[in-house]
Amino acid sequence: MDQVTAHQAEEDARNDGVLVWVDGALKPRAEASVSVFDSGFMLGDGVWEGLRLYDGRWAFLDRHIARLFEAAKAIDLQIGRTPDQVIAALEEVRQANGMVTDAHARLMVTRGVKARPFQHPSLSRSGPTMVIIVEHSKPVLPRPIRLATVPHIRGLPMSQDPKLNSHSKLNCVLACIAAEKAGADEALMLDVHGFVNTTNSCNFFIVRGGEVWTSTGDYCMAGITRAVVIELCREAGIPVFEKNFSLVEAYSADEAFLTGTFGAQTPVAEIDGRPIGTEWPGPVTRQIRDLYMARVAA
Ligand SMILES: Cc1ncc(COP(=O)(O)O)c(C=O)c1O
């Protein structure tokens with residue numbers, strides 16, 4: 001297959017008729033919309049979370065809600081709802097769609113509808129806008145992911161901190177486009193010093209000699225799956241390091257995988273044309289994946 005993404009899912013016809021939560025109303029997908037004056041549409045001025053439903057429960061819900069409120073505070077956006085009210089909205093849209101497991105939610109909050117089509121946040125007078133899109137979603141990967149490094153880097157925190165799950169993802173989108181043009185699926189992004197950092201949509205790990213390495217975390221999203229993987233490795237006695245490493249070490253890794261709420265652990269087979277591993281997932285990735293699924297089910 002030519003086109004593979006880290007968010008590949010089985011086709012599911014039920015998604016054509018899914019109900020979307022838009023500012024408190026449940027709208028059929030085709031009618032779910034926001035204003036052309038919305039800050040999210042005009043400027044990418046908002047924050048979001050991706051959550052996953054396993055056996056009737058949103059995995060790591062508390063961490064997602066905490067990260068959402070943290071991001072909103074960082075960009076001075078008033079969500080206007082309590083964490084419990086946000087959770088109630090998630091539950092409402094889940095139940096309205098009869099979802100029990102294998103579902104994914106994208107919960108978005110923007111600064112709201114602007115009075116005039118300009119940047120100043122004070123023009124966002126009717127904010128916020130909150131939308132929750134849910135999908136029936138079973139990740140399925142026809143082949144492991146191929147990564148390419150790109151010129152787009154993970155920047156310093158004083159210019160759009162890469163830790164923020166902001167609506168504007170242009171840097172990541174451009175990175176992904178560059179990777180696709182290089183014949184890969186997704187982009188492997190370096191940090192400002194040239195160390196391997198993360199991909200455009202997931203966090204990145206390698207396995208070398210039984211050790212699990214990931215970046216220091218300084219220039220990437222504080223991924224919840226990333227954090228859980230590190231915790232699980234520590235509990236299971238798998239040596240895990242958050243450290244700087246370069247492409248030399250990534251190219252010669254025994255295994256590489258991505259982490260994210262959607263795909264949990266997604267195997268990588270190639271970086272810049274260099275083959276990685278001989279089975280996908282590799283043995284350590286498989287062990288981590290089993291621990292992760294057990295944690296989700298606990
Ligand atoms: C750039 C980026 N990296 C990593 C992740 C993975 O984070 P999490 O494990 O919390 O889903 C995301 C998900 O939103 C992301 O957008």
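Visitor: How many salt bridges does the model contain, and what is the general idea behind them?

Guide: Side chains of opposite charge can pair when their charged atoms come close. In this predicted model the count comes to ten salt bridges.

Visitor: Which residue pairs with Asp45, and where do the two partners lie?

Guide: Asp45 forms a salt bridge with Arg111, with an N to O distance of 2.7 Å. This pair links distant parts of the chain, 66 residues apart. Asp45 belongs to the loop between helix H1 (39–43) and strand S3 (46–54), whereas Arg111 belongs to the loop between strand S5 (103–110) and strand S6 (129–136).

Visitor: Are Asp45 and Arg111 buried or exposed?

Guide: The class follows from relative accessible area, and buried means under 20%. Asp45 has 14% relative accessibility and therefore counts as buried. Arg111, at 15%, is buried too.

Visitor: What does the salt bridge between Arg67 and Glu49 tie together?

Guide: The side chains of Arg67 and Glu49 meet at 2.8 Å, N to O. Because Arg67 lies in helix H2 (residues 61–74) and Glu49 in strand S3, the pair ties together parts that are 18 residues apart in sequence. Both Arg67 and Glu49 are buried.

Visitor: How exposed are the partners in the salt bridge between Arg286 and Glu279?

Guide: In that pair, the closest N and O atoms are 3.2 Å apart. Arg286 is partly exposed, with a relative accessible area of 37%, and Glu279 is likewise partly exposed at 37%.

Visitor: Which residues are linked in a network of salt bridges?

Guide: Arg226, Arg234 and Glu242 are linked in such a network.

Visitor: Turning to the ligand, where does it sit, and which residues come nearest?

Guide: The ligand sits in the largest pocket. There are 14 residues around the ligand, of which Trp48, Arg67, Ile224, Thr225 and Thr261 come nearest.

Visitor: Where is Ser166, and what does its side chain reach?

Guide: Ser166 is in the loop between strand S7 (145–149) and helix H4 (170–181). The side chain of Ser166 reaches the backbone oxygen of Ser168 at 2.9 Å. With a relative accessible area of 9%, Ser166 is buried.

Visitor: Which peptide bonds are cis?

Guide: Most residues other than glycine have a negative phi, and most peptide bonds are trans. Here a cis peptide bond joins Gly127 and Pro128, with omega about -10°; Pro128 lies in the loop between S5 and S6. The bond from Trp280 to Pro281 is also cis, with omega near 0°, and Pro281 is in the loop between strand S15 (274–275) and helix H7 (283–297).

Visitor: Where do Asp55 and Asp76 lie, and what values does phi take in them?

Guide: Asp55 has a positive phi near 45° and is placed in the loop between S3 and strand S4 (57–58). Asp76 has a positive phi of about 60° and is found in the loop between H2 and helix H3 (83–96). Neither residue is a glycine.

Visitor: Are Asp55 and Asp76 buried or exposed?

Guide: Asp55 counts as exposed at 63% relative accessibility, and Asp76 counts as exposed at 57%.

Key. Residues numbered from 1 in each chain as written. Predicted model: local features only at pLDDT ≥ 70, side-chain atom pairs only at ≥ 80, totals over all residues. Heavy atoms only, no water. Salt bridge = Lys/Arg side-chain N within 4 Å of Asp/Glu carboxyl O. Helix = DSSP H or I, 4+ residues; strand = E, 2+ residues; numbered from the N terminus. Buried < 20%, exposed > 50% of the residue type's maximum accessible area, 1.4 Å probe, protein only. Near = heavy atom within 4 Å. 1 Å grid on protein atoms, 1.4 Å probe; cavity = no way out; pocket = protein on both sides within 12 Å on 5 of 7 lines; lining within 4 Å. Sits in = over half its atoms within 2 Å of the grid points. Polar contact = N/O pair within 3.5 Å; in protein donor to acceptor, adjacent residues only side chain to side chain.
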